[in-house]
Amino acid sequence: MKKIVICGVTGNVGKQTLDVIRDNYNEYQIVGISFHNNSTLANQIIEEFKVPFYYCSKDNIKGNTNSFFDLINKAKPDLVLNSLPGLAGLKATIDAIKSKTSIALANKESLVCCGQFVTKLAKENNVKIIPVDSEHSAIYAIINALNVNNISDYQITITASGGPFYKVNNVDINQKTYEQSLKNPNWNMGEKVSIDSATMLNKVFELIECYWLFNNKNVSAICDRKSFIHGFISNDNNCFAFKSKPDMHLPIEIALKSKTNDWNDIRQKYIISTNINELKKEFQLENINAPSWSCYHLKDIMLNDLLGPTPIVANAADEILINLFKNKKIRITDFYPIILDCINKFKNHKITSIDDVYNLHNEVQLFLNKKFN
């Protein structure tokens, strides 16, 4: 049985991971979990799955380990699934890699903010980073199912649902609430990723992830309002696309199985060989025409500064703005201009270490907290 540690087990992806394990009970053993606030649910999970090691990141007293590193080293898993939200998930990613444990990564901030250091550390420790996000899982599956040796020869395209407000005009958007922003048309997601989907900042983050996961700057996004196509690779006009219903259980299962996936079965069930024009026509894919208030307009400035402060600043600001939006202190149209102002304010910061990432993150958040409180 494959031994699994789930970091962020009480969150949305964590709970869906439990569903996958329940359906494949003889294949996996949960040897460790981490949680933050929801100790009631965590205790139920510990009892149901007889979890021997657990860590509470909010209160050590509620766990029997005292850090992510302690959890991973005592549990000795074959795989760590990191589904923690925000930059808080970076510590679990780093600790898994330092423990030389393969990681299934659903925490995009680890790569968005710290990609250069995380990928270098993973290479040094011979650790595989397996994507869990549906779009990156699709590309991962295509590469493995087709035995693609050099992905840099291809253009990588991931899809976007557009979120709940993709066609909302600039007048009506100001009336949209936090609660409405959580209602993605296709996906059942956690708070942060739902809001990021509504502002479309999520898609910019995912393009950055693509670069670090697949070492390919030829990345782009396209809109699929139904979220049937999750991603495709193309060379000239030929492409291979991954098609499945919008459900996180499949990418989670692919990540958990990793090397033991039946790639021939995945190819037959989910991968389409076609040309780009036919794909766009059949699935009504359209170029992203983001409204003027959308954070998708940060795409170029962020992709052109992958080694610099811009992605870190954007994520740090976003975490604060989500809370301000929730508390009705800003509107959804304020995300883009405030993040852009922060990027310009902190653009001269040098990023040479993981400590620099944390320091800049904290500085940006302190600046915004002072500004709005």
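Colleague: Which residue stands opposite I158, and in which strand?

Modeller: Strands are DSSP E runs of at least two residues, numbered from the N terminus. Two strands pair if DSSP finds at least two bridges between them. Here, I158 stands opposite G231 in β9. The model is predicted: local features need pLDDT of at least 70, side-chain atom pairs count only at pLDDT 80 or more, and totals for chains, interfaces and linings use all residues. Residues are numbered from 1 along each chain as its sequence is written, and side-chain values use heavy atoms, with hydrogens and water left out.

Colleague: How many bridges link β7 and β9, and in which sense?

Modeller: Four bridges, antiparallel, pair β9 with strand β7 (residues 155–160).

Colleague: How many bridges join β9 to β10?

Modeller: Six, and these strands also run antiparallel. β10 covers residues 238–243. In this pair, I229 stands opposite K243 in β10.

Colleague: What do β9 and β10 form, and how many residues lie between them?

Modeller: A hairpin, with two residues between the strands. In the turn, D236 has a positive phi of about 60 degrees.

Colleague: Why is β9 described as largely enclosed by the rest of the structure?

Modeller: Buried means under 20% relative accessible area (1.4 Å probe, protein chains only). Strand β9 spans residues 229–235, and six of its seven residues are buried, so the rest of the structure largely encloses it.

Key. Buried means under 20% relative accessible area, exposed over 50%, partly exposed in between (1.4 Å probe, protein chains only).
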